[in-house]
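Here is a briefing on the structure shown below. It takes the chains in turn, then their contact and the core.

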Amino acid sequence: MSFGPAMRRIRSQILTLIAVVFAATALTFAVTEILPGDAAVAILGDTATEADIQSLRQELGLERPLVVRYADWLGNAITGDLGRSYRTRESIAVMIGQRLPVTIELIILTQIIALGLAVPAGIIAAYRNRSGVDHALGSVSIGLLSMPAFVIGIGLIYTLSVALGWFPASGYVRPSDGIIANLHSMVLPALTLALAEFPVYMRLLRADMIATLQQDFILVARAKGLGVRDILIGHALRPSSLSLVTVIGINLGRLVGGAVIIETLFAIPGIGQMLVNAVYQHDHFAIQGVVLVVATGFVLINLAVDMAYALLDPRVRHGVDS
Amino acid sequence: MASSRPFAFKVSMAAAAIGIALLSATALRAAEPKQGGSLSISLESDLPTLDPLGFASFNDREAGLILYDTLLDIDPKGNVVPNIAEKIEASPDVMSFKLTLRSGVTFSDGTAYDAAAVVKNFQRIMDPKNRCRCVSDLSTIDKIEATGPLEVSIKMKTPSAHFPATLADVAGMVVSPTAVEKYGADFGNHGVGAGPFKLKEWQRGAQVVFERNPTYWRKPAHLDEVVLRPMPDEQTRYASLKAGNLDIVMNAAARDVLDAQQQKRFQVLNPGSLATNFVQINMGAPDVSDIRVRQALAYSLDRVAYNKAINRGLYKIANTPFGTGLFPHEQVDGYPSYDLAKAKKLVQDYGKPIKIKLSINAAPVSTLAAQALQQMWKKAGIETEIIPLEQVQLVRAAATRDYQVMLYRWAGGADPDKNVHQFFHSKGTVNRVNFNNPEMDKLLDAGRATTDQAERLKIYRQVNNLLAKELPYLFLTYFDNISLVNPAVKGLTPIPDGLLRLHSVWKDK
């Protein structure tokens, strides 16, 4: 086993990480600047006089040029100081520390539910290619794919919560107040996001699986007399899951975007909700902090996906050119 | 699916019958309050702080009433009544006030509530460094001093008949001076007052939990806990009430209020309002500086149709800046009512083509409202361009008078003065409409110079008439702060500011 290519990959990923984080935060800083209105008005409210607004802008340092403010923020961020919220005076690092685990839990649960539904469905659809089951699953996934997540969410709230009373319609219970209660409060939001992801996963796996099932080694396995389950799960699933793994990785980033909507809909205190509030309130440092964390996370996940390839495909691990 | 419907219908009929039976049973023993229970109320967004210095929104003020008692309060009719101040007496020239504080009140941390604490509280609010949003409410104060253990004397710079009512709001929320000292800049995370509840736990973004204050000066509250839950999505708030995860939706949307009225599953608490929705006109801007144009804009507004289209007919049409909870409410002669022919004639008289730039908040409901206005004005031959702005930008444009015509809303104060003086006095701090009228200045100052209700009514009637004549505002509707309430919740009193007083609320469960 040679470590050369792997090390090189990791080194280049770290460089990518730095470049992406730099670009993302600089861009966000500029975009926030273009946003109409400003933090001083957001803080002072609608009976503020122009003089009040000017004096607060001075105090917050909003009068300094954009580049100076960005450099200032970046310098502090590198030393781990993400600043304080204009609005609540809370430390941004503390805010993110409280909210990030909530979003991570939401995303993990979403992936578990989405894969829990999509993997069996994808296998069945591939195995029973062009059957009634396949067509039914196809229609369901097209339906879900064409629905925005918040519509799915409102649908689930009205059926599973208002009509059936199985889950709370909104709100969040911390794990420290009971794991079961915590999961109970997270099922609906996670299911909402999962149903939006399900069709993508299902159809990808189905397509790859159909291709795999036509390969020689499956024929060999069949000839050996292995059962359907052994062939599908033992032999066909792993080689069919490469594109699925890639998409799961990319989707983690997309899910943060989904979390912005779903956390707002279900009143879940994650970083998605924090970002929305921060944008409404022109809370620059809060916006920057969230973007920093999300961008870093996104690059790290892609790195992890790269490593997962190595586990799934021996050719990547050994640096062999196919 | 189709076959299950009649069955579902039967089930729901049966459930309704049982529900009615239960409701009438509970009505019979509604008299004696039950102790305990937790009451959950939705907020539109998380609180920025628990320090009154940072309070602005409806949400913040509700949290304030839970934690702090106000010196004075208002009753269901909007009259100022005692609270933790027993009495307020004005001098005949309304240049000074004497506040007599209630004895036997303590802050929830054990600190004594006395004249020194109240004086400190006023000074804290008035310190410009603290940037209290309510500082303009106290702008006429000259000097405050403790003249007895429970007596505070306040000298004014100018006559201030409006002053007592401001003490029923944020400016009257008294914080514990020891807690302020102890927590310093971090006071906003703790919030210690003399209210019916005290802070138990604040999970940012998720909920703020308050527990009963056992030393409350009235009888301690019936409820064990009050939970405020920030829920930004309107649909989620109502769905959560329906699913039983929430007891009260404050500031409910018109659509949900109508649904609740039809379903009869929830109490609809309509306390009336202090507030109005209106179109404000920058009297210094082109075209609209001409009274004929303002009149044409007013006469072409079919506000009954507007209210039906935008608010499903729920709110009352407004002709004054004073909501139902203020005594000059609808005390006006000759506010223009819908008359398209007159509007067309005025446009003709004006002679030049009229181009209106209507600035609005970019929210969907404001966009619909603006389109309705656009249609109506078009019928009179007035072209309108809608300029959607984000809320913060809209406020800024208003503050800098960088607009021509703007769809706006003012939450309203407990004294008529607060709805007009700062906006229409030529020296008003937020005179956004460029209104400069010596007669108005005289009236607004006179309104502050007497505490005689009949006299003040006469004055504010003249204010209304002058507004109807000059039209700096085109009034649309009053805005009621309607709450939807789970039927198990008892003991709520509707107060026109729309905020809930929870000290004697209980849950029948």
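Among contacts in chain A between residues at least 6 apart in sequence, 71% join residues at least 24 apart. Two residues are in contact if their C-beta atoms, placed from the backbone, lie within 7 Å. This is a predicted model: local features need pLDDT of at least 70, side-chain atom pairs count only at pLDDT 80 or more, and totals for chains, interfaces and linings use all residues. Residues are numbered from 1 along each chain as its sequence is written, while chains are lettered from A and ligands numbered from 1 in the order in which they are written.

**Chain A overall**

- Chain A has 14 helices and zero strands. Helices (H or I, at least four residues) and strands (E, at least two) are DSSP runs, numbered from the N terminus.
- Along the principal axes, the C-alpha atoms of chain A fill a box of roughly 85 × 60 × 35 Å.
- Chain A has 322 residues, of which 37% count as buried. Buried takes 20 or more other C-beta atoms within 10 Å of a residue's own, exposed 12 or fewer, and partly exposed lies in between; C-beta atoms are placed from the backbone.

**A helix pair in chain A**

- Helix 11 (residues 242-266) and helix 12 (residues 271-281) of chain A pack at an angle of about 80°, with axes 7 Å apart. That makes helix 11 of chain A roughly perpendicular to helix 12 of chain A.
- Axes are lines fitted to C-alpha atoms, for helices over the stretch in contact, and angles run from 0 to 180 degrees between N-to-C directions. Under 35 degrees is roughly parallel, over 145 roughly antiparallel, 65 to 115 roughly perpendicular, and the rest oblique.
- On the helix 11 side of chain A, Val256(A), Ala259(A), Val260(A), Glu263(A) and Thr264(A) meet Gly272(A), Gln273(A), Leu275(A) and Val276(A) of helix 12 of chain A.
- This contact has five nonpolar, three polar and one charged residues. Nonpolar covers Ala, Val, Leu, Ile, Met, Phe, Trp, Tyr, Cys and Pro; charged covers Asp, Glu, Lys and Arg; the others, Gly among them, are polar.

**The sheet in chain B**

- Seven strands of chain B form an open sheet in the order 8-9-10-1-11-18-12, with mixed pairing. Two strands pair if DSSP finds at least two bridges between them.
- Strand 8 (197-203) and strand 12 (267-269) of chain B stand at the edges, each with a single partner strand, so one side of each lacks a neighbour in the sheet.
- Five of the six residues of strand 10 (residues 225-230) of chain B are buried, so this strand is largely enclosed by the rest of the structure.
- Strand 1 (residues 38-43) of chain B runs parallel to strand 10 of chain B, joined by six bridges. Ser38(B) stands opposite Glu225(B) there.
- Strand 9 (residues 207-212) of chain B runs antiparallel to strand 10 of chain B, joined by four bridges. Glu211(B) has Glu225(B) as its bridge partner.

**Contact between the chains**

- The contact takes 35 residues from chain B and 38 residues from chain A.
- Strand 10, helix 6 (234-242) and helix 12 (391-399) of chain B each supply at least two residues of the chain B side.

**Nonpolar core**

- The largest nonpolar core has 220 residues; Tyr201(A), Val226(B) and Leu474(B) are among those that touch the most other members. Such a core is a set of buried Ala, Val, Leu, Ile, Met, Phe, Trp, Tyr and Cys residues joined through C-beta atoms within 7 Å.
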